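Visitor: I have a model open here and would like to go through it. Can you start with the terms?

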Amino acid sequence: QVQLVESGGGLVQAGGSLRLSCAASGRAFGSYTMGWFRQAPGKEREFVATISWSGTTTYYAGSVKGRFTVSRDNAKNTVYLQMNSLKPEDTAVYYCAQHSRPYYRDTSYFARDYGFWGQGTQVTVSS
């Protein structure tokens, strides 16, 4: 069974930075594309960023591009989300997710493509 555990969330002032981590266990981490999604109160879950299984391809939502960076360390079974220049509208619960298919040809921003999800970590940005 796959387990994904996020950490690194918290309260930060606008303009600040946070680094989220997602530790994975249960199957060959290095074989799977990973994604980050978020859900704000009263809103639907939305895509944030994704990184291919090899780490060579990344893709970002337009709202975070240039501010957030996704990376992975396959030796540590961990994916990261570095968040800079945070804005109040970035406030949400952030989830990491693992793609359903190994060695997927690219990245995906569709939540339906991800079969395993973490429990989420709260990020709150104050103005």
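Guide: Two strands pair if DSSP finds at least two bridges between them. Helices (H or I, at least four residues) and strands (E, at least two) are DSSP runs, numbered from the N terminus. This is a predicted model, in which local features need pLDDT of at least 70, side-chain atom pairs count only at pLDDT 80 or more, and totals for chains, interfaces and linings use all residues. Residues are numbered from 1 along each chain as its sequence is written, and side-chain values use heavy atoms, with hydrogens and water left out.

Visitor: Which residue in S3 stands opposite Gln3?

Guide: Ser25. Strand S3 covers residues 18-25 and runs antiparallel to S1, to which five bridges join it.

Visitor: What is the strand order in the open sheet of four strands?

Guide: The order is S1-S3-S8-S7, and the pairing is antiparallel. Strand S1 (3-7) and strand S7 (68-73) are the edges; each has a single partner strand, so one side of each lacks a neighbour in the sheet.

Visitor: How are neighbouring strands of this sheet turned against each other?

Guide: By 15° on average, direction ignored. Axes are lines fitted to C-alpha atoms, for helices over the stretch in contact, and angles run from 0 to 180 degrees between N-to-C directions.

Visitor: Switching topic, how many disulfides does a search of the whole structure find?

Guide: One, where a disulfide is a pair of cysteine sulfur atoms within 2.5 Å. Cys22 and Cys96 form it, with their sulfur atoms 1.9 Å apart. Cys22 lies in strand S3 and Cys96 in strand S9, so the pair ties together parts 74 residues apart in sequence.

Visitor: Why is the disulfide of Cys22 and Cys96 right-handed?

Guide: Because the torsion about its S-S bond is about 45°.

Visitor: Is Cys22 buried or exposed?

Guide: Buried, and so is Cys96. Buried means under 20% relative accessible area, exposed over 50%, and partly exposed in between (1.4 Å probe, protein chains only).

Visitor: Where is Phe29?

Guide: Phe29 is in the loop between S3 and strand S4 (32-39), and is buried with a relative accessible area of 2%. Its C-alpha atom is separated by 8.5 Å from that of Gln98, 69 residues apart along the chain.

Visitor: And where does Phe110 lie?

Guide: In the loop between strand S9 (92-102) and strand S10 (114-117). Phe110 counts as partly exposed, at 35% relative accessibility.
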